[in-house]
Amino acid sequence: MTNLFKIFFESKGRKVYHLKYSGESTFDISSEEPSKIGLLSLVPRCKFSVKPFEKGDRVIFVMTLAKEYKPRFEQSIESYRQDGIDIRDCQFKNDLLVASRANIKKYLDRSGLQAKYNSTEERLRDKAKELDFIIKTIQYLNSKTDEISSTLKIFKKFNYLTLPNTLFQQTKIKKPTNFYYNQRTTRGFINEAVQQLKPLSYDVFSGQKISICTFIPSLEAKQCERLIVNLKKNLTDIFHLEDVEVTPLYVGNDRREHIEHISRFENKQFDLALFFLYQKDKNQPADKSAYNRLKAKLISKQIPSQSMLVENAQKNNDFHVRNLALNIYSKIGGTPWAIEKDGFEHSEFVLGIGSTIDDKKTRNIGFASVFDHHGSYMVGSCSPLCKLEDYRDNLQSYLIATLNDIIDSRGIVKGAKLRLIFHIFKDASRKYEIAAIKQCLEEFVNYEIEYAILSVSFDHPYKFFSGSNHQIERGTFVKLTSNRALIFMGGRGSKPLQIKLDSRSTYQDIFELTKQVLYFSHLSHKSFMPAMKPVTTTYPQKLAQLTSDLLKINHWDPDMLHGMKDKLWFI
């Protein structure tokens with residue numbers, strides 16, 4: 001079906017490109033000039049797809065349309081030199097600067113055009129204008145149906161229908177109730193609720209001394225010291241850590257000074273180490289990264305760490321420091337709040353599986369992040385980090401070990417009902433996930449276990465519009481089929497999160513599973529604000545990425561992570 005539209009658009013002089021893996025196609029919109037930000041162009045493009053959906057005993061075809069802007073660098077290398085832009089550390093292809101995220105950031109920073117880029121992108125992102133483009137394109141296609149269908153006469157008309165309609169219903173999923181110490185709850189800002197009611201894990205740290213080591217750069221000592229005072233106050237006021245001991249170590253810019261200090265640490269001498277980096281350190285390759293080297297060295301001493309930019313310390317912004325305190329509380333093993341349990345009387349556990357692609361284009365997979373039904377983090381492991389060819393066997397071994405840990409730690413008796421929910425980075429396959437799960441469950445025949453396998457992603461062609469620039473409500477839910485749904489996660493964009501339920505799952509309530517995804521996005525991540533994706537997908541992806549980066553550090557052994565699996569050391 002998509003080929004019919006490809007042939008049609010190319011007959012109108014458009015060069016249509018099929019986007020690998022996505023099922024979508026795209027072409028440049030020649031009627032609109034690209035927007036220029038210095039030597040960077042934002043080229044208008046039309047993206048489309050045609051997909052069949054089963055709705056009961058019917059098959060319908062859904063066409064998606066979007067207007068997007070593709071960044072491109074189309075000038076010669078000499079053009080950047082004439083403008084005085086340093087591009088020596090940028091990536092090139094066919095003597096053109098690649099419009100990657102890293103290259104764009106470097107160009108905008110060095111040309112002083114970041115503000116202009118932001119304002120241009122804001123103007124081009126106008127939802128009302130994109131919706132107007134979609135409606136006009138549908139009207140144009142309706143005037144050309146005979147030409148598109150050719151002699152096949154496959155369809156007569158494009159129906160533009162708003163939600164809800166007879167094919168797709170729209171509902172609203174409410175946000176979860178958060179619970180704090182002694183299962184108390186309140187409305188309002190989460191940081192104020194934690195401060196007022198105490199964090200969920202208050203008893204874990206009550207009466208205990210929390211020891212934090214800080215590496216303070218001597219040349220910027222004053223601003224870093226001010227931030228540490230503010231940070232300690234937040235840890236005491238918000239998280240009720242009454243006895244926080246901060247040990248300052250003053251260091252120069254040579255990271256070997258840090259390493260020498262850490263080498264003299266005893267194992268678990270500190271609950272956490274805080275070190276300062278500079279903005280320029282972010283551009284270092286993984287094997288030479290100061291961040292990776294220091295984190296790897298601290299992990300060898302079983303000490304979680306938190307980095308901080310000197311440039312942010314100079315600002316000492318209260319919002320930023322609150323989030324920094326939240327990160328630290330989570331990394332030392334604290335649970336600030338949990339979400340409500342909703343409707344399941346038995347033991348339910350959510351397992352996230354993440355992956356990352358390294359600089360050699362190899363996909364590394366990490367098994368990580370197990371949560372119980374109300375969002376308490378239980379365990380996270382990225383050892384072994386495996387390649388795709390080892391995925392099934394490693395997943396099976398990991399599931400067996402994890403289930404044994406859960407059953408032992410929760411005192412689950414034989415014959416009990418358990419539900420396992422898998423949030424994974426791709427569609428499940430019979431060769432990998434299904435085979436591993438079935439072989440794992442053969443080890444637990446004395447328990448009544450049901451499971452659901454979900455892929456959770458923004459990698460799809462669907463968008464939500466309200467007909468204007470009015471914000472769509474977070475939690476807007478649309479059921480596409482019995483095993484596929486969309487949930488809007490808020491923010492300024494128009495793209496919802498897609499939830500795909502594998503049809504081989506033994507638990508198949510797509511509404512309840514989608515609601516759980518929304519709920520898990522309200523757990524602490526790196527901010528008190530709700531996230532765009534659930535922690536069950538962001539945690540394992542971050543864990544896999546960071547573990548993959550740390551493996552590039554000489555003599556670093558991922559087995560050292562076993563002693564830290566109950567802490568969110570990687571966020």
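Analyst: Here is a walk through the sheet, then its helices, then the rest of the chain. Keep in mind that this is a predicted model.

Let's start with the sheet itself. Four strands make it up, and it is an open one: read across, the order is S11-S10-S12-S13, with parallel pairing. The edges are S11 (243-251) and S13, each of which pairs on one side only. Between neighbouring strands of this sheet, the turn is 20° on average, ignoring direction.

Now zoom in on one pair. S10 (residues 209-217) and S12 (residues 272-277) run parallel and are joined by 4 bridges.

Next, the helices. H10 (residues 255-263) lies across S10, S11 and S12, and its direction makes an angle of about 135° with S11. H13 also lies across strands, in this case S10, S12 and S13, and runs at about 165° to S13.

H13 has a helix partner too. H13 (residues 318-331) packs with H9 (residues 221-237) at an angle of about 60°, and their axes are 9 Å apart. That angle makes the two helices oblique to each other, and H9 passes H13 in a right-handed crossing. What actually touches? From H9 you have Leu227, Asn230, Leu231, Asn234 and Leu235; they meet Asp318, Val321, Arg322, Leu324, Ala325 and Ile328 of H13.

While you're around S13, look at the loop between H11 (290-299) and S13 (305-309), where Gln302 lies. Gln302 has a positive phi of about 60° despite not being a glycine. Most residues other than glycine have a negative phi. Gln302 is also buried, with a relative accessible area of 15%, where the cut-off for buried is under 20%.

Asn94 is another non-glycine with a positive phi, about 55° here, and it sits in the loop between S6 (92-93) and S7 (96-97). Asn94 counts as exposed, though, because its relative accessibility is 69% and the cut-off is over 50%.

Most peptide bonds are trans. The one from Leu163 to Pro164 is cis, with omega near -5°. You'll find Pro164 in the loop between H6 and S8 (170-172).

H6 (145-149) is among the elements covering the buried residues of H1, along with S2 (25-28), S4, S5 and H5 (127-142). Those buried residues of H1 (residues 2-11) are Thr2, Leu4, Phe5, Phe8 and Phe9. They line one face of the helix, because they fall within an arc of 155° when you look down the axis of H1. On its other side, Asn3, Ile7 and Ser11 are exposed. Just after H1 comes Gly13, with a positive phi of about 90°.

Finally, S4 and S5 from that cover form a pair of their own. S4 (residues 40-55) and S5 (residues 58-73) run antiparallel, joined by 16 bridges. Ser49 has Thr64 in S5 as its bridge partner. The hairpin of S4 and S5 has 2 residues between the strands, and Gly56 there takes a positive phi near 65°.

How values were computed. Residues numbered from 1 in each chain as written. Predicted model: local features only at pLDDT ≥ 70, side-chain atom pairs only at ≥ 80, totals over all residues. Heavy atoms only, no water. Pairing = 2+ DSSP bridges. Buried < 20%, exposed > 50% of the residue type's maximum accessible area, 1.4 Å probe, protein only. Arc of directions from axis to C-beta. Contact = heavy atoms within 4.5 Å. Axes fitted to C-alpha atoms, helices over the stretch in contact; angles between N-to-C directions. Parallel < 35°, antiparallel > 145°, perpendicular 65-115°, else oblique. Left-handed = near helix turned anticlockwise from the far one by under 90°.
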